[in-house]
Amino acid sequence: MVVGGGIAGVQASLDLADAGYYVYLVEHSSAIGGTMAMLDKTFPTNDCSMCILSPKLVECGRHPNIELITMADLVGLEGEPGNFTAKVHQRPRYVDPDKCVGCGTCAEKCPVKVEDEFNEGLSIRKIIGNKYAQAVPNTYAIEWPEKCLYLTKGVQTGKPVCMLCQKACDKDAINFEDKAKDLELKVGAVILAPGFDEFDPSSLAALGYGKLKNVVTSIEFERILSASGPYSGHLVRPSDHKEPKKIAWIQCVGSRDTKTGCTYCSSVCCTYAIKEAMIAKEHSAEPLDTTIFFMDMRTFGKGFEAYYERAKNETGIRFVRSRIHSIDPGSGEDTLSIRYIQEDGTPVREEFDMVVLSVGLRPSKAAIEMAGNIGIELNEFNFAKTSPNAPVETSRPGVFVCGAFQSPMDIPMTVMQASAAASGAGSLLSEVRNTQVKVAEKTEEMDVSGQEPRIGVFVCHCGINIGATVDVPAVRDYIATLPNVVHCEDNLYTCSSDSQERIKDMIKEYNLNRVVVASCTPRTHEPLFQATCAEAGLNPYLFEMANIREHCSWVHMHDKEAATAKAKEIVARAVAKARLLEPLSTVTVDIDKSALVVGGGIAGLNAALDLANQGFKVSLVEKAGELGGMARKIHYTLEGMDVQSYLGGLISSVTSNPNITVYTNAQITEVTGYVGNFTTKVNVGGEVKEIKHGATVIAIGGKEYEPTEYLYGQDDRVITGLALEEEIVKGSDRVKNAKNVVMINCVGSREEGRMYCSRICCSEAVKNALKLKEANPDVNVYVLYRDMRTYGFKEDFYKEAREKGVIFLRYDLDNKPEVKADGGSLTVKVKDPVLQREVVIDADLIALGAATVPPDDAKQIGQFYKVSLNDEGFFLEAHMKLRPVDFATDGVFLCGLAHSPKFIEESIAQGRAAASRAATVLNNDTLTSSGIVSWVDKDKCAGCRICVNLCPYNAISILEDEGVAEVNPVVCKGCGTCASACPSNAMVAKGFKNKQIFAEIEAFLA
Amino acid sequence: MEALALNKVADPNFRAEVMEKIVPQATKMDFNYCLSCGTCTAGCVFGDVHDHSDPRQFMRKILLGLKDEVLNDPFVWVCTACGRCTMECPMGINMANVVRCIRGKFGLTAPGTLQQVANTHLETGNQMGVPVEEFIDTVEWMEEEAQDDYEDPDFKVPVDQKGAEILFIPHPREVKYYPEEIKIWSRIFNVAGISWTLSSKAFDVTNFGLFNGRDDEATKIFKFTDDAVKELGVKRVVTTECGHGYWAFKFGAQHWIKADYPIQHMLEFLAELIREGKIKVDKSKNKEVVTLHDPCNVVRKAGVVDEPRYILNQVCENFVEMWPNGPYNFCCGGGGGALAMGNEIKKYRMKKGKMKADQIRATGAELCCAPCHNCFDQLNDINKEFDLGLNIVHVYQLVEKALVVE
């Protein structure tokens, strides 16, 4: 059972369902989607949040092994791991899901209006309705029965009061007799993913929230930006619906603040404020002035620092390092005045049209109540209590946690944890895998051969993403006139679940044998629409997409007419191709149900152990002589974990596990094959072993940067953070006798050439500072930093360090500390920004918080498994947000430092997440290829081998007997390189035949 | 400026010293948590009008151990300890307590006459050195006048009345310079028919031990009242409209002398009398446009926010707020003992006063209430300096004017 239908719950459910388990997904509200569904865009890619989430929601909604139980809460849990009885209370919906089609007639007629919670109360809705336009499930609900006229007065008096919705519904779906249900469900494991509540800033009177109309919270601002929001995506301020010209963001509202009882850092607000400011600028017709007031800019996640740099240098967002005392009414109409302090202490008063409060994350109240009901422990802030070495395990065995209920975290971390929790549950229940699942019924495929093309076209508004720029109805009307188009319609969101039903209905109604969707990119959405076609009995390759968003509306925002004209051409192009589409067949091959894990550090060990515990054979390849990786150099964590003891235990679990074969001193020399059937050759101490495996997990770690700055390597009193830790543990004399220790952070990070944050160094400095103070309270410890990035609950240790007298001194990149060795003395000169004076510190020891850099062999391993690296040399995942441990290459997964710098607990979670993802591959017996592959016309092939050499996937071989080429359809990615290079036109790229492509070109030129 | 050689000039024990000496001890860790975030300095609006008003920088010097600089920093005396910075400090650092500690525990002497006033109080039992006989004579004189004025031969201004319920603590200047005030508040109490008394041994609400930071002196000054409470057996103490004196009682009752009897400000008491119907008031007696200056010690620190508003809405027809107000008000500029710090501090005081003058002027008020003697004097100075042309009044004066006697 997964509790909570946000992105965490959705990901965990999908992982488990794909790995052979039946999942009950219990959601408190009427639809899944959680907070992510409310967001406009997501950082750091500025992807439309709904656009990337919606396919997952739809997949969840129609997965045969996921049962959605909405409007329901987990109220009790009895039994043992593997054999729980979960008590679920489900509130009545008053709408029959089997009959409701989500047409909205009931809501139109309903006379009772309430504040729309999904729009944060900025708009009104009816008490009957769906949570949001793309809601899954799309069954309507009477969400406020206590306000329904019939359910209150009608029932009391026995008279037919109101009942307008029932009269309006021609499907007879309104059921006033619906009752609450108490379900008892047998489940083996429970995953809690209830999400968070936003901090309510009403209690902070100085900020004027609730009194000053144009002071809004960040989540309200997301809704204001959103196409499906209260102002249809027009950036206007609440007081007068006029476009603001100047907006301020105020950070740390309800975070890092003892007044609100919330001393932790909410981890996500810095980056989301940057995102909101960027998007606001994009949404604004006039130039928009944006300012972010902050304390420490905590862009510590992968890609976030570059995002911050872009915001500063390219987008022109102003960043002011100053916490705000109060917001006053301004001199203009509904303007707001802020007095803030510049670095040098000079006060400034400035007016803004609108102020956004970056509110922090609180544990959800409902989750706290649930925790009490099912007996799991909470931490001091009422988040689920976990330990660093078991980050997704609650205090109750068999009950796992993921996402923001574990600690405040961003979406990638949430998705990772969700997969990790799924892996935990999967490990627990491996014996019953595939015993409870339902096999999806395949719709029999219609034979369309010989039929005249009957094309159905669906043009998407994508909220305002397309609709605000392209005249969608005009495109629809134009397309409807094209030959062979028998049906054409427009949808607010063609990807929503009700639209999928609609497409299927239209296929039946009009006997469509080709479908075109004109919306966004096929990269994210093609599989969804293809699956819809397949469900309607249409071969999925009879589907074509036209991208009128990325290729049109987003790039021609300021020329609506031309954009509309271009959209017509783009869709006409797709229709032209659709006429010539042919059904394609796929091939199925067996899967080798074992995994290879490359790298025996904490991430790799966890990945291997979880896969083994899930019942898969694992080979673990480590290039060093011993397992443990980077963690061998780490002795304790900020939270007090004994790393060596944990590591020892982990290694012995791995080496003693019968499903795991460990190879140390092992070098990979050659890799062939593809998902389901890899062959990796490994040189183990001179002997070459050949390992066959179906999935690969890359966990090759990272290393500490070797500094060239601050006299490192020239003066032996200048050491790295890791070396300091080693000396502290060994109790070296110079550490014991030191009177002044200086730590310098961001050495090699966050500057030209390595524009990323190494994430761990701030906390590591705090950790070592606390250890030094513990051993000798009189030692002076100075931490020179650029932004303290002790995010989440680590903030409390930063506070503890200040309490113990550690001096934190901030420096700027253009004013770096100067380290000098003059005679015997070692000094550091740095400017104190508060005093605006340079200070000189005598140092007995200087520890450099050196960057975490990618491993030396990343490039080589990347080439072996055909996966790519990002600009910094870390591995590049398939999608920053929603596929953080997958590679774009199927069957290959990543985790640990090789992905990006991270803490031990994060590496553990990520290792287990990679295991979960790999299990979704290995659980299958067979693998089906894509239909879009190359095919050899053997009659034409001369066996020249040009294609063999060109194929980037090694998918082509020469059949020696016949002297002609052959394509392995499972390896072929359909890139078409061979087809374009073949001198005798023997290579055919299916789905991209010459005549199809020519038809497209002609349609464009027409 | 030459670079600061931190290890040579900083006193590594300074922080520990502050922690050891600060009152209350329960908060001794707080200032160490400073994030240098700037909220305090953003909240201290006086940075707009004069130097030495950067609490963040002052705190930074303490954290770096720059003891000499801290002790010589004009901030120590320019700060009025109004507490506006503390309101929003994310680490909850009480700047006023830190400033008190530096003022009082490191051998500093306050500028101007501040220490002399404290000394007089310690020696004579009141800060103005009013002899007991003069006090009694004045009270009796006013009692007689009141009997005539109000045509009430039974009108009493009770002194040293054992067993009375309430001990009222006035300001000695009400005795020495404004004796008419005695009639005014006595009349309210008598109309309300409550059991009250003055004390001949404790008729000074002030406590400059709060300003000079010397807790030993503050304790002794508190003791005059504490002794009187015990001697007379009263149930509670009500103070006249004095801000710091009242706050010194509230603060001191926790940290100097454990006093478990209720201590109320005149505002709380008057609100209670009106709410409980003990006095009846007619707002048409005060037709002028009235605004309220919120004294920091009463409103921000002690949380007496709603009471003055309740009272003024009951006794005036035209009460208008200034902005900002309530707990977020601006200090009048005369807080923290500034009025007794002589010309050295006066220039800062008047610069601060300009902000208050602008605030008051924006309301268009004809009367400005100052339920604190300290604010009252500062506002009178402001009134003259910036030619506001309005009258500064106590709240009880308006209440007395609005009294309906049947």
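In the predicted model, P230(A) touches N119(A), L122(A), S123(A), R223(A) and I224(A), residues up to four places away in sequence being left out and contact requiring C-beta atoms, placed from the backbone, within 7 Å. P230(A) lies in the loop between α6 (218-225) and β16 (246-253) of chain A, helices (H or I, at least four residues) and strands (E, at least two) being DSSP runs numbered from the N terminus. P230(A) is classed as buried because it has 21 C-beta neighbours inside 10 Å; the class buried requires 20 or more other C-beta atoms within 10 Å of a residue's own, exposed 12 or fewer, and partly exposed the range in between. The model is predicted, so that local features need pLDDT of at least 70 and side-chain atom pairs pLDDT 80 or more, whereas totals for chains, interfaces and linings use all residues. Residues are numbered from 1 along each chain as its sequence is written, and chains are lettered from A and ligands numbered from 1 in the order in which they are written.

Helix α17(A) has the buried residues L647(A), L650(A) and V654(A), which fall within an arc of 65° seen down the helix axis and therefore line one face, the arc being that of the directions from the axis to the C-beta atoms. These buried residues pack against α16 (602-613), β31 (617-621) and β32 (660-663) of chain A, while S645(A), G648(A), G649(A), S652(A) and S656(A) are exposed on the other side of α17(A).

In chain B, the domain assignment gives domain 1 (6-105), domain 2 (114-272) and domain 3 (280-402), with bounds from an automatic or database assignment. In chain B, 13 residues of domain 1 are in contact with 18 residues of domain 3.

Key:
Contact = placed C-beta atoms within 7 Å.
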